[in-house]
Amino acid sequence: MTTHGGKGAIADSHPLALGCARAGRVYGPNPLHEYLPMCDVALVLGRRLAYNQTVGVGLGLPPRLIHVDIDPGVFGKNYPPTIAVQGDVKTVLRQRLEALRGKALSKGDARLREIAEAKAKARAALHAAGPNQQRTMDALRAAIPSEAIVVADAAMPAYWAAQGFPVEQPRTYISPYGWGSIGFGWPASLGARLGKPERKVALISGNGGFQLNLQELGTAVQERIPVVATVWNDGAWGMLKGMQRDRYQGWYIETELVNPDFMKLAEA
Ligand SMILES: Cc1ncc(C[n+]2csc(CCOP(=O)(O)OP(=O)(O)O)c2C)c(N)n1
Ligand SMILES: [Mg+2]
């Protein structure tokens, strides 16, 4: 499993890849979380196990935890590790690979079947929870080549993409993981295209987040940076409106947004 920020570290289509572990109080549970407590051991690589993505959303881990991170400050914050390894993940994994070389390791068909089943179940749950969202994600994935770079702003569609948009290649999915700043997406897309001019770049942004850096449309034209922006317009600060719906009985304050005419803006 990857985090939202780690998407692409392993191809989602790999038979040993379960998908993204992201879940949240606003956008719902992640069916893949049911799989984790059934495992014998979790090997956590370079992940802080931060509160709002783990204990905060009821993530259960297997009874044994091996936690590898370069920052010893993350160990035991939310889950006591059975073994803590301080080190760079790349080095630690290379050492492990060396230690395992020549050892007879079972490929375990049963495990592969289990993973395929858990993935199919999670996919069905996504389609049931948001048929429209998931259909749109599928259409986007079909249209965007796997080597293209997708930038996801911190909006509801981007959080949907965490689970619903499979990624096949490393460094082809960028999200403002951690602080989750809205407005990051559009300028980051332009930067991605400048950094990798041979790659196509597409943005997934909300209507609110896009307006935080709308002026960079001028930069894109001036510097001739071709990036496709998809702006998901729900006429709201949707994530916050969702919180007001779920936690404050629909007491909506300042979460509805009047937008510019995005189509006319694109034409201009
Ligand atoms: C810089 C910054 N300001 C405020 C927030 C809090 N915030 C999180 S999601 C959100 C709403 C985003 O609205 P929009 O871009 O339209 O996406 P939607 O949630 O509607 O899909 C806000 C204001 C934030 N994450 N970052
Ligand atoms: Mg919105």
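Which residue in β6 stands opposite valine 151? I started my entries there. Leucine 203 is the residue that valine 151 faces in β6. I note that this is a predicted model.

**Entry: the strand pairings.** I looked up the partners of β4. β4 pairs with β6 in the parallel sense, over four bridges. β4 also runs parallel to β5, and two bridges join them. On the β5 side, valine 151 has isoleucine 174 as its bridge partner.

**Entry: side-chain directions.** I asked which way the residues of β4 point. Ile149 and Val151 point one way. Val150 and Ala152 point the other way. I found all four buried.

**Entry: contacts of valine 151.** I set aside neighbours within four places in sequence. Valine 151 then touches Ile174, Gly185, Ala188, Ser189, Ala192, Val201 and Leu203.

**Entry: the core.** I looked up the largest nonpolar core and found 40 residues in it. Val150, Val151, Ala152, Ala155, Ala158, Ala161 and Leu203 have the most contacts inside this core. Two or more residues each come from α2 (109-129), β4 (149-152), α4 (156-164), β5 (173-174), α5 (185-195), β6 (201-206) and β7 (228-232).

Methods: Residues are numbered from 1 along each chain as its sequence is written. Chains are lettered from A and ligands numbered from 1 in the order in which they are written. This is a predicted model: local features need pLDDT of at least 70, side-chain atom pairs count only at pLDDT 80 or more; totals for chains, interfaces and linings use all residues. A nonpolar core is a set of buried Ala, Val, Leu, Ile, Met, Phe, Trp, Tyr and Cys residues joined through C-beta atoms within 7 Å. A residue is buried if 20 or more other C-beta atoms lie within 10 Å of its own, exposed if 12 or fewer, and partly exposed in between; C-beta atoms are placed from the backbone. Two residues are in contact if their C-beta atoms, placed from the backbone, lie within 7 Å. Two strands pair if DSSP finds at least two bridges between them.
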